[in-house]
Amino acid sequence: NQKSTTMRIITKILLSSIFLMILSFSSCKKDDKVSPMSCNLKTSSTEFTEESINVTYKLEVDGDYTVTSFYYYDETGKVEMQNPEVPQNFTVTLSSQKKMEAGAVGNVTNGYIKVSFEAIAPGSEYKSSDLCSQSSN
């Protein structure tokens with residue numbers, strides 16, 4: 001009879017241990033919601049010295065994001081887009097307006113927003129970018 005009492009105690013201990021393990025694993029669920037991170041992106045403001053130059057501007061995105069505005073500089077000056085379509089990838093030719101710059105405003109929950117420009121001329125290369133990213137695992 002002592003054997004059956006010992007077996008009952010061992011069974012109770014095992015069942016209690018299994019219950020505690022199940023309870024502890026079930027409390028490990030991630031229900032925390034990640035808040036969107038505010039992004040205010042801006043490349044460096046660069047002036048070129050060449051007579052004219054082709055500048056490629058890009059607005060790149062991935063994941064869970066919102067882009068509320070995007071701007072860049074063309075021959076007429078600053079060009080702003082509200083709620084732009086993404087991605088953006090285009091080239092403008094600058095000559096009398098010498099400033100190259102791009103920027104964007106938005107937010108990222110899980111992903112990224114990136115603005116950049118690149119211009120290559122004989123003997124010169126101009127590049128700048130800004131990135132806003134957040135990830136939740």
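Cys 39 and Cys 132 are joined by a disulfide, with an S to S distance of 1.9 Å (a disulfide being a pair of cysteine sulfur atoms within 2.5 Å). This bridge connects distant parts of the chain, 93 residues apart: Cys 39 lies in strand S1 (residues 37–42) and Cys 132 in strand S8 (residues 124–134). One disulfide is found in a search of the whole structure. The link of Cys 39 and Cys 132 is left-handed, with -60° about the S-S bond. Both cysteines, Cys 39 and Cys 132, are buried (buried means under 20% relative accessible area, with a 1.4 Å probe and protein chains only).

The model is a predicted one, in which local features need pLDDT of at least 70, side-chain atom pairs count only at pLDDT 80 or more, and totals for chains, interfaces and linings use all residues. Residues are numbered from 1 along each chain as its sequence is written, and side-chain values use heavy atoms, leaving out hydrogens and water.

The protein has one helix and eight strands, which run α-β-β-β-β-β-β-β-β from the N terminus on. Helices (H or I, at least four residues) and strands (E, at least two) are DSSP runs, numbered from the N terminus. Of the 137 residues in the protein, 32% are buried.

Another residue to look at is Ser 116, in strand S7 (residues 102–121). Ser 116 counts as buried because its relative accessibility is 10%. Beyond its neighbours within four places in sequence, Ser 116 is in contact (heavy atoms within 4.5 Å) with residues including Thr 43, Tyr 57, Ala 102 and Ser 128.

Notes: Buried means under 20% relative accessible area, exposed over 50%, partly exposed in between (1.4 Å probe, protein chains only).
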